[in-house]
Amino acid sequence: MKQTIAFALLATVAVATTPVAQAQLLGGTSTTAPSQDSHLVDRIVAVVEDDVILQSELDAAIANVRQSTPAERLPPEDVLARQVLNRLILMRLQIQKANEQGIQLANADVDQAVQAVAQQNNLTTDQLRTAVEQHGQSFRAFQQQMADQLMIQRLHESIMHDQVTVTDSEVDNLLHSPSYKAGEVHLAHIQISVPSGGTASDIQAAAAKAAEAEAAIKSGTDFAAVAARYSDAQDALQGGDLGWRRLDAIPQLFTDTVSSMNEGQVTAALRTPAGFQILKLLGVRKQEQQLVTEYHSREILIRPTELLSEAQAQQKAEDLYNKIVNQHGDFAALAKADSNDDTSANLGGDMGWFPLDGWGPAVAGQLKQLQDEEVSKPFQTDAGWIILQRLGSRQVDQTNQLARSQARQEIGSRKSEEAYDNFLRQLRSGSYVKILVPALQDTNTHTASPAA
């Protein structure tokens, strides 16, 4: 259960589904209860603008990472501590920025995020609370972590809203590019960052760190373990796994390199505007035809009103069903006369062709049970009581439509990822951050920046 709950945190904020949102969950506000004598040894390990990070918070975040990360992927203790601290710092800065922008959450938003974690683990909220506490965590701190993640997600959405646009011409160019039909690639990466506005010595230090990572890979060390130790990316402790992406959806700087790689191959350190990247190709899959089942149906909707009670609406629907099935009444004529759905009534209840979930889960559930020409018994929905007749089904090739939608989404995701990564680098470099414990200072990053 411990590991399940820890991983559920990563899944939830896909309230995200963006790599950035996922990445922030590597560290969070204190979610593990400090030891009984922690107040005797607690200390400030970092100053972040006008806030501080305590040793107990760092210890709690490290404990969470250890519980949710395979032991073989964990870097040495000193490296892990620095990585987690840097993620806590970046998270704290994002929360501060969100507060500055007036981003707010309702209690219902947090409750919904907590319920999502519970559902993903097949638990009730009360069962989740018990599991979290058995995991050694405070449920209040767990809720606060959910709130922090939602704040960061909304900050991301706010910043990206006016910065990322996708035009039809960009979609057309992607769909007609020679490499589009190459399909998708599964990548992992190691990112060695150079601070925004970094000096020549910063670049030299990053290059040296990249060379160390390359040497470790060549010596036979697992790529994921090297990523956990050397990568500055927020997904480092997940082995740098970037998931499946269309070849055209990755930064153009890497397209030619990746397209010529074989599965399992690792690149040398590639220079980027943000530092260095080492890529590993984990897999390739080709584009496949996308067939979607569509259904043709018609309906009669009886909606309760102030003059027609719920029971009366149900009875009216049952009377109409009896006329259609037992008295051979004309479905279309009855729909025109009695249906309360203004969209379909004048069409004899015709709902047209639509995918299974096109009219909601209640209708979908009935469609799966009906044969062509069969009429359902009245069933209740949020809109009222419905009588449904399935007229037919067909397989439709939606490869082009889905490809266009996917292309637009992937272009937007790539732009968003690049823009937000740049925002985070500027935020980190432009904020006052001072790490007070020498052992936690990273020689490849600034330990103190001037106040913004």
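In helix α15 (residues 361-369) the buried residues are Val363, Ala364, Gln366 and Leu367, where buried means under 20% relative accessible area and exposed over 50%, with partly exposed in between (1.4 Å probe, protein chains only). Because these residues cover an arc of only 165° around the axis, they lie on the same side of α15; the arc is that of the directions from the helix axis to the C-beta atoms. Pro361, Lys368 and Gln369, on the other side of α15, are exposed. The buried residues of α15 pack against β7 (291-302), β8 (350-355), β9 (379-380) and β10 (385-397), contact being defined as heavy atoms within 4.5 Å.

The model is predicted, so that local features need pLDDT of at least 70 and side-chain atom pairs count only at pLDDT 80 or more, whereas totals for chains, interfaces and linings use all residues. Residues are numbered from 1 along each chain as its sequence is written, and side-chain values use heavy atoms, with hydrogens and water left out. Helices (H or I, at least four residues) and strands (E, at least two) are DSSP runs numbered from the N terminus.

Helix α16 (residues 399-429) packs with helix α5 (residues 77-100) and also crosses helix α9 (residues 168-175). Axes are lines fitted to C-alpha atoms, for helices over the stretch in contact, and angles run from 0 to 180 degrees between N-to-C directions.

| Helix pair | Angle | Axis separation |
|---|---|---|
| α5 and α16 | about 95° | 10 Å apart |
| α9 and α16 | roughly 110° | within 9 Å |

α5 and α16 are therefore roughly perpendicular to each other, a term that covers angles of 65 to 115 degrees. Their contact is made by Asn86, Ile89, Leu90, Leu93, Gln94 and Lys97 of α5 and by Tyr420, Phe423, Leu424, Leu427 and Arg428 of α16. By class, this contact has seven nonpolar, two polar and two charged residues, with Ala, Val, Leu, Ile, Met, Phe, Trp, Tyr, Cys and Pro counted as nonpolar, Asp, Glu, Lys and Arg as charged, and the others, Gly among them, as polar.

α9 and α16 are likewise roughly perpendicular to each other. Here Asp168, Glu170, Val171, Asp172, Leu174 and Leu175 in α9 meet Ala403, Arg404, Ala407, Arg408, Ile411 and Lys415 in α16, and the residues of this contact divide into six nonpolar, no polar and six charged.

Strand β1 (residues 44-48) pairs with strand β2 (residues 51-54) in the antiparallel sense over four bridges, pairing requiring that DSSP find at least two bridges between two strands. Val48 has Asp51 in β2 as its bridge partner, and the two strands form a hairpin with two residues between them, in whose turn Glu49 has a positive phi of about 55°. β1 is also joined by three bridges to strand β11 (residues 433-435), again running antiparallel, and Ala46 stands opposite Ile435 in β11.

Methods. Angles under 35 degrees count as roughly parallel, over 145 as roughly antiparallel, 65 to 115 as roughly perpendicular and the rest as oblique.
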